[in-house]
Amino acid sequence: LEPSAIQRRRLDFQMIFQDPYSSLNPRMKVGKTVAEPIGLHGVREGSSRRKLNPTELQDRVAELLELVGLDRSFADRYPHELSGGQRQRVGIARALSMEPRFLVADEPVSALDVSVQAQVLNLMSDLQKRFRLTYLFVAHNLAVVRHVSDRVAVMYAGHIVELADRETLFKAPRHPYTRKLFASLPGATQRGRQLAAIPGT
């Protein structure tokens, strides 16, 4: 897109980052973090956006926090007072504040404990259905990929080498790199067996 077109569409695209700690300003309370984009751009009303007064903004922040499973009291906390899963929920609330249509999720659960990963993935699934969101979900964990994806693109050496719907890809991978990804999973190869290298492009 041309720069002017990107500017008009930018609020439709948001990002959920891999590290839920470094993606939050440690000197900014949670409420201010979530409120900042809304304060700058307002909320969507049809084809335009409307700025909120301070009371409306506070209510909107509380609504977003509750939407991701956090009590409104979290608005007065700093990131260091939260667990990793809670911080990632704040990141999701911030991304949702612009009412996007498309979310890029860059390894959003890789920095979390396994039990918390499931909670965040379930939250993202619920939000996707509720708001009809489209995710571009970047992950190296094949179990997570299978759980969250409709279509899967496999990248090798900076290029997409295979693109298929989830079930087709996991049942019958076609590219040698995809097959070796599956063969590298625990229990998929015999003990001591070496995987053949694939030369880069």
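Figure 1. The model shown here is predicted. Phe 13 is also partly exposed, with a relative accessible area of 34%.

**Figure 2. The ring pair of Phe 13 and Phe 102.** The structure holds 3 aromatic pairs. In the pair shown in this view, the ring centres of Phe 13 and Phe 102 are 6.1 Å apart. The planes of these two rings stand at 90 degrees, so the pair is edge-to-face; the cut-off for that class is over 60 degrees. Phe 13 belongs to strand E1 (residues 13-16) and Phe 102 to strand E4, so the pair ties together parts that are 89 residues apart in sequence.

**Figure 3. The ring pair of Tyr 156 and Tyr 177.** Here the ring centres are 4.5 Å apart and the planes of Tyr 156 and Tyr 177 are at 35 degrees, so this pair is tilted. Tyr 156 is part of strand E6 (residues 151-156), while Tyr 177 is part of helix H8 (residues 176-183), so the pair ties together parts that are 21 residues apart in sequence. Tyr 156 is buried, with a relative accessible area of 15%. Tyr 177, with 22%, is partly exposed.

**Figure 4. The largest nonpolar core.** This core has 39 residues. Val 34, Leu 65, Val 68, Ile 92, Leu 96, Met 124 and Leu 127 are the residues with the most contacts inside it. At least two residues of the core come from each of helix H2 (30-41), helix H3 (54-67), helix H4 (84-96), strand E4 (102-106), helix H5 (114-131) and strand E5 (134-138). Helix H5 provides the largest share, 6 residues. Apart from this core lies another one, of 8 residues, which includes Val 145, Val 154, Leu 169 and Phe 182. In soluble globular proteins, nonpolar side chains tend to be buried together.

**Figure 5. Ile 92 and the residues it touches.** Ile 92 is one of the residues with the most contacts inside the largest nonpolar core. Leaving out residues up to four places away in sequence, Ile 92 touches Ile 16, Val 68, Val 120, Leu 123, Met 124 and Leu 127.

**Figure 6. Leu 123 in helix H5.** Leu 123 is found in helix H5. This leucine is buried, with a relative accessible area of 10%. Neighbours within four places in sequence aside, Leu 123 is in contact with Leu 67, Val 68, Arg 89 and Ile 92. Leu 123 and Arg 89 are 34 residues apart along the chain, and their C-alpha atoms are separated by 8.8 Å.

**Figure 7. The whole chain, for orientation.** The chain contains 8 helices and 7 strands. Its C-alpha trace spans about 65 × 40 × 30 Å along the principal axes. Of the 201 residues in the chain, 38% are buried. Among contacts with a separation of 6 or more, 60% are between residues 24 or more positions apart. The chain exposes about 12,500 Å², and carbon and sulfur atoms supply 50% of this area.

How values were computed. Residues numbered from 1 in each chain as written. Predicted model: local features only at pLDDT ≥ 70, side-chain atom pairs only at ≥ 80, totals over all residues. Heavy atoms only, no water. Core = buried A, V, L, I, M, F, W, Y, C linked by side-chain atoms within 4.5 Å. Buried < 20%, exposed > 50% of the residue type's maximum accessible area, 1.4 Å probe, protein only. Helix = DSSP H or I, 4+ residues; strand = E, 2+ residues; numbered from the N terminus. Contact = heavy atoms within 4.5 Å. Areas by Shrake-Rupley, 256 points an atom, 1.4 Å probe, with all protein chains shown as cover. Phe/Tyr/Trp six-rings, centres within 6.5 Å; stacked < 30°, edge-to-face > 60°.
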